[in-house]
Amino acid sequence: MSTLRIAFLGPFGTFTEQALRQVAPEEAELIPLTSPPLAMKAVREGRADWAVVPIENSIEGGVNATLDALADYPQLVIRAEMLVPITFHLAVRPGMRAEDVRKIGTHPHAWAQCRNWAEETFPGVVHVPTTSTAAAAETLGAGEGAFDAVLCNATSVDRYGLESLFTDVADNPGAITRFVCVRRPIEGALTAPTGHDKTTIQVALPVNQAGSLMRLLEQFSVHDVDLSRIESRPSGDGLGAYTFSIDMVGHIAQEHIQAALRGLYRVSPDVRFMGSYPSSTVNSADVPQDDEDYRRARTWVRELLAGVEQD
């Protein structure tokens, strides 16, 4: 059997690598790349079997680069999600003093989670964007880059020979980033329902049609489908044209999810299925849905069509 190849947002030492370790077999070949779209492109082109990428952060919300790339063709589907608690270190090369820090390199999402702390701790500090937190650490450790310090995780501090001036840095302690593992669709290999699942879709709205958003949302409410995430993204087809990236609580194998999808297909010009997979979170609404009422209703209609006398 060939070795499983997994592309991810690199370099080694990223939070994405931490998420990847939750699902990767020990013998897997790990392929670090510089962006979520490139990791997914590697899967589409057959250079990797899976890709692990960040999709949502509890502070900044959706990761737009991932959401947009996931909607591209050829289709990719989510096979798993992973949660990683996010804690940052302010790290420097050995010998650098805190009072000499003028520029901090890190990923924009990391900066957004630490901006207030950084600006209070280092008045006048400038953020230098990098492709990932670990990329910033790698660059600084090599003596390169136009910054004096980095915001990264503890793994990167050790891996790239840095020193932590501050630990547990954050404007909002307890931040969590959600990652997904994606692959090409495989016929007959849909992830089996567990009873605590999510289904991710992207749905387009008809342009300039009054009430279209209400008609879309009605498909969820009428079929008792709970949503754990919904956010809009420009479709790229012109100003005012939007799609919605949506996580439903439930699995496509369940009747109420199927009913909602059929309704969406009827009212939307474009519905894209991006996978049903086990949920890493269980909330009060995340309970197994009883599909018995759907089965009874379907049986009743079949009997009507067959001319069976009704009681």
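The side chain of Arg 44 comes within reach of the backbone oxygen of Pro 74, at 2.7 Å. The model is predicted. The protein is divided into domain 1 (1-86 + 174-189), domain 2 (89-167) and domain 3 (190-303).

**Arg 44**

- Arg 44 lies in helix H2, which spans residues 36-44.
- The residue is buried but has no salt bridge. Asp 72 has the nearest side chain of opposite charge, 4.8 Å away, and a salt bridge is counted only within 4 Å.
- Neighbours within four places in sequence aside, Arg 44 is in contact with Ala 69, Leu 70, Asp 72, Tyr 73, Pro 74, Leu 76 and Arg 184.

**Helix H5**

- Helix H5 covers residues 133-141, and its buried residues are Thr 133, Ala 134, Ala 135, Ala 136, Ala 137 and Leu 140.
- Helices that cover these buried residues include H1 (15-20), H4 (108-121) and H6 (154-159).
- Strands S6 (88-92), S7 (103-106) and S9 (149-152) are also among the elements covering them.
- After H5 comes Gly 143, with a positive phi near 80 degrees.

**Domain 1 against domain 3: extent**

- The centres of domain 1 and domain 3, taken over C-alpha atoms, are 23 Å apart.
- Contact between the two involves 23 residues of domain 1 and 21 residues of domain 3.
- About 1,600 Å² is buried between domain 1 and domain 3, with carbon and sulfur atoms giving 45% of that area.
- On the domain 1 side, Leu 67, Ile 78 and Glu 81 lose the most area to domain 3; together they account for 31% of what that side buries.

- Three salt bridges are counted between domain 1 and domain 3.
- Arg 178 and Asp 247 meet through their side chains in a salt bridge, at 2.8 Å from N to O.
- There are 10 residue pairs in polar contact between domain 1 and domain 3, both residues being at pLDDT 80 or more.
- Helix H3 (64-70), strand S5 (77-85) and strand S11 (176-183) are the elements that each give two or more residues to the side of domain 1 touching domain 3.
- S5 provides the largest share of that side, with seven residues.

Note on methods: Residues are numbered from 1 along each chain as its sequence is written. This is a predicted model: local features need pLDDT of at least 70, side-chain atom pairs count only at pLDDT 80 or more; totals for chains, interfaces and linings use all residues. Side-chain values use heavy atoms; hydrogens and water are left out. Helices (H or I, at least four residues) and strands (E, at least two) are DSSP runs, numbered from the N terminus. Buried means under 20% relative accessible area, exposed over 50%, partly exposed in between (1.4 Å probe, protein chains only). Lys and Arg count as positive and Asp and Glu as negative; His and the chain ends are not counted. A polar contact is a pair of N or O atoms within 3.5 Å; within protein, one must be able to donate a hydrogen and the other to accept it, and residues adjacent in sequence count only if both atoms are side-chain atoms. Contact means heavy atoms within 4.5 Å. Domain bounds come from an automatic or database domain assignment. Buried area is the accessible area (1.4 Å probe) that two parts lose on being put together, summed over both.
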